[in-house]
Amino acid sequence: MTTSTLVPVFAALGDETRWSILAALGEGDASASALAGRLPVTRQAIAKHLAVLQEAGLVESLRVGRELRYRVLGSQLSETARSLDRIGAEWDRRLAAIKRIAEGL
């Protein structure tokens with residue numbers, strides 16, 4: 001994942017309501033109306049948050065009869081986690097190098 005890919009994901013995840021929506025969708029697919037019934041947010045606000053999550057590639061919509069339902073895209077979340085692991089490993093490597101230099105003084 002590149003920085004240009006990670007930035008929208010982090011921006012989307014940086015909102016408490018969107019975290020709540022992802023957590024709710026983690027329990028199963030749901031429509032914006034169903035999510036609004038479970039969360040203290042209006043359906044219109046839920047729809048806007050879902051659009052941000054969808055734009056970031058974290059959820060997708062699917063039509064079930066007349067209803068538009070949303071589901072979490074676990075692959076995107078997994079890829080984000082792997083990217084964070086790589087960033088963390090690089091920082092660990094850099095900090096270990098700094099420690100070796102500092103201890104050698």
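**The interior and its surroundings**

A: Start with Leu-35. Leaving aside residues up to four places away in sequence, Leu-35 touches Ile-21, Ala-24, Leu-25, Ala-30, Ile-46 and Leu-50. Contact here means heavy atoms within 4.5 Å. The model is predicted: local features need pLDDT of at least 70, side-chain atom pairs count only at pLDDT 80 or more, and totals for chains, interfaces and linings use all residues. Residues are numbered from 1 along each chain as its sequence is written, and side-chain values use heavy atoms, with hydrogens and water left out.

Now take Leu-25, one of the residues that Leu-35 touches. Leu-25 sits in helix α2, residues 16–26. Helices (H or I, at least four residues) and strands (E, at least two) are DSSP runs, numbered from the N terminus. Leu-25 counts as buried because its relative accessibility is 3%. The classes are buried under 20% relative accessible area, exposed over 50%, and partly exposed in between, with a 1.4 Å probe and protein chains only. Beyond four places in sequence, Leu-25 touches Ala-30, Leu-35, Leu-50, Val-59, Tyr-70 and Val-72.

Both leucines belong to the largest nonpolar core, which has 20 residues. Such a core is a set of buried Ala, Val, Leu, Ile, Met, Phe, Trp, Tyr and Cys residues joined through side-chain atoms within 4.5 Å. Ile-21, Leu-25, Leu-35, Ile-46, Leu-50, Leu-53 and Leu-58 touch the most other members. Two or more residues each come from α1 (3–13), α2, α3 (32–38) and α4 (43–55). The largest share, four residues, is from α2. In soluble globular proteins, nonpolar side chains tend to be buried together.

Next, the strands. β2 (59–64) and β3 (67–72) pair in the antiparallel sense over six bridges; pairing requires at least two DSSP bridges between two strands. Val-64 has Glu-67 in β3 as its bridge partner. The two strands form a hairpin with two residues between them, and Gly-65 in the turn has a positive phi of about 65 degrees. The C-alpha atoms of Gly-65 and Leu-25 are separated by 19 Å.

Last, the charged pairs. A salt bridge is a side-chain nitrogen of Lys or Arg within 4 Å of a carboxyl oxygen of Asp or Glu. The count comes to eight. Among them, Glu-27 pairs with Arg-38, with closest N and O atoms 2.7 Å apart. Glu-27 lies in the loop between α2 and β1 (30–31), and Arg-38 in helix α3. Glu-27 is exposed because its relative accessibility is 66%, whereas Arg-38 is partly exposed at 44%. On β3, Arg-69 and Glu-67 also form a salt bridge, at 2.7 Å, N to O.
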